[in-house]
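User: I would like to learn how to read a strand and its surroundings in a model. Please take one feature at a time.

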Amino acid sequence: MSKVQEVAAAVENGKVKIVAGLVQEALDEGCAADEILNVGMIGAMAVVGEKFKNNEIFVPEMLIAARAMKKGIEVLTPVLKAQGAEPVGRLILGTVAGDLHDIGKNLVGMMIEGAGFEVIDLGVDVPAEKFIEAMKENPDVKIVALSALLTTTMPAIKDTIDAIVASGLRDTVKIMIGGAPVTQAFADEVGADGYSEDAASAAQLATKLLG
Amino acid sequence: MIIIGEKINGSIPSVAKAIAEKNEDFIRDLAVKQAEAGATFIDVCASVAPEIEVETLKWLINVVQDAVDTPLSIDSPNEKCLVEVIPVCKKPGLVNSVSMEGNKVDTIFPIIANTKWECFALLSDDKGIPRTAERRLEVFDNLMVKAKQYGIAPARLHIDPLVEMLCTSEDGISMVTTVIREIKSRYPSIHVSGAISNISFNLPARKLVNMGFVCLAMNAGMDSGIFDPLDKTLMGIIYATEALLGYDELCIEYIGAYREGIIAAPAVKK
């Protein structure tokens with residue numbers, strides 16, 4: 001097994017304690033940082049996402065895989081920065097106003113990071129103005145991802161999108177939405193660019209929307 | 001949870017037969033299966049006539065330690081027998097058991113004083129099994145005086161608060177849980193143990209009572225027990241309870257035990 005594959009296996013299996021060391025070893029052996037990122041991190045998280053989608057692994061296993069990935073990213077980031085490498089994209093994420101649920105939103109954030117994005121997580125119960133503010137502060141952001149877990153807070157997704165339209169910034173970003181009660185039909189109705197039903201699909205969708 | 005695997009006990013008819021026939025394969029199989037299920041100690045109890053207990057226990061010890069690396073729990077009501085078999089063990093294990101009856105403690109503690117052996121201790125004394133929590137804690141205090149005297153650290157002790165059958169108890173297990181909580185508050189590193197199935201003696205569907213008991217006892221502070229690690233439902237309840245008590249971050253141990261096939265939900269009959 002090559003060092004990069006060892007890194008990928010450690011991330012997939014959530015071996016939080018050994019990932020940083022393995023990444024360093026891979027770098028020392030002359031592996032390219034972007035290869036470690038693409039295969040060892042992003043590739044491994046794609047496998048994890050797929051397993052989660054197929055009900056082969058449980059939420060905590062996905063969480064520790066993401067934690068393991070973060071340990072690897074910490075070692076890789078300074079190397080990539082020195083090489084002038086950029087994240088594949090930047091994305092704003094948040095649970096909409098009135099909704100305090102964060103577990104699903106956090107999973108989505110982790111998986112999207114796992115796909116190579118830099119995620120700006122605004123947290124939960126985020127008013128529409130705050131999304132717009134963040135978009136203005138980060139003009140290079142290409143995607144805004146909105147989450148809602150309750151049928152009662154789903155309308156806040158629509159309100160947020162309407163506010164983004166009213167602010168004149170709608171054309172600068174793609175908007176993706178998700179959460180337990182959210183459907184593709186709802187996404188079409190409120191004018192979102194995409195919907196995904198779980199965290200793994202969300203990461204795939206983000207990559208696709210960047211297109 | 002510290003698991004003391006109970007399956008190699010001469011009071012179980014199939015094991016008694018294997019002992020009588022010196023059937024090594026039978027004993028070895030029980031040892032391997034319990035080790036694979038995650039037993040911390042493998043108990044060996046001869047339950048034979050006193051004149052052949054030492055040789056029988058030595059035979060059991062050798063069969064088991066040749067088969068697995070798991071430390072042994074050497075189990076005999078006779079402390080003199082325990083003293084004779086300790087040197088046969090390749091690595092330190094658990095002496096099962098002492099109490100404040102007779103000379104048990106003064107016989108065993110000096111021998112294990114400067115070793116890594118652990119010791120199972122019952123809260124009874126020459127007056128029998130105390131009827132109240134206060135009296136049991138008195139016996140416990142007397143035991144800890146001895147432990148201190150011989151330099152046995154609390155973390156090496158497994159205290160059995162003595163669980164008696166539920167069907168004749170007047171207060172369920174509230175007296176026992178009071179004792180457990182008090183012991184753990186005085187010595188946080190001490191282990192509280194016991195045979196899990198005693199509670200359900202003479203009741204139907206005993207497993208249900210055992211499972212309810214183990215949750216409540218663990219909630220009070222029990223962290224060690226003598227039971228069958230091949231019982232996947234009981235093991236599942238124990239792993240689940242540890243997660244519920246917050247000892248298993250992200251339920252990783254629980255999920256791991258599930259993946260390894262150590263735990264399983266009981267089949268639902270309709």
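User: Which way do the residues of strand S3 (residues 72-75) of chain B point, and are they buried or exposed?

Analyst: A strand is read by sorting its residues by the side to which they point. This is a predicted model, and in S3(B) the residues B:Leu72 and B:Ile74 point one way, while B:Ser73 and B:Asp75 point the other way. All of them are buried.

User: Which strands pair with S3(B), and in what sense?

Analyst: Pairing is read from the bridges between strands. Strand S2 (residues 41-45) of chain B pairs with S3(B) in the parallel sense, over four bridges. On this pairing, B:Val44 stands opposite B:Ile74. Strand S4 (residues 94-100) of chain B is also paired with S3(B) in the parallel sense, over three bridges. Here B:Ile74 stands opposite B:Val95.

User: How does the chain cross from S3(B) to S4(B), and what is the hand of that crossover?

Analyst: For a crossover, follow the path from one strand over the helix to the next. From S3(B) the chain passes through helix H4 (residues 79-85) of chain B to S4(B), in a right-handed β-α-β crossover. The path from S2(B) to S3(B) runs through helix H3 (residues 50-67) of chain B, and this β-α-β crossover is right-handed too.

User: Which residues touch the most other members of the largest nonpolar core?

Analyst: The general idea is that in soluble globular proteins nonpolar side chains tend to be buried together. The largest nonpolar core has 76 residues, and those that touch the most other members are B:Ile8, B:Val44, B:Leu60, B:Val64, B:Val95, B:Cys119 and B:Val214. Leaving aside residues up to four places away in sequence, B:Cys119 touches B:Val95 and B:Ile152, among others. Another core, of 69 residues, lies apart from it and includes A:Ile42 and A:Met176.

User: What radius of gyration does chain B have, and what would a compact globule have?

Analyst: The value is compared with a rule based on the number of residues. With 270 residues, a compact globule would have a radius of gyration near 18 Å, and chain B agrees because its value is 18 Å. Its C-alpha atoms fill a box of roughly 50 × 45 × 35 Å along the principal axes. Of the 270 residues of chain B, 43% count as buried. The chain has ten helices and eight strands.

Key:
Residues numbered from 1 in each chain as written. Chains lettered and ligands numbered in written order. Predicted model: local features only at pLDDT ≥ 70, side-chain atom pairs only at ≥ 80, totals over all residues. Buried ≥ 20, exposed ≤ 12 C-beta atoms within 10 Å, placed from the backbone. Helix = DSSP H or I, 4+ residues; strand = E, 2+ residues; numbered from the N terminus. Pairing = 2+ DSSP bridges. Right-handed = clockwise from strand over helix to strand, strands pointing away. Core = buried A, V, L, I, M, F, W, Y, C linked by C-beta atoms within 7 Å. Contact = placed C-beta atoms within 7 Å. Rg over C-alpha atoms; globule rule 2.2 N^0.38 Å.
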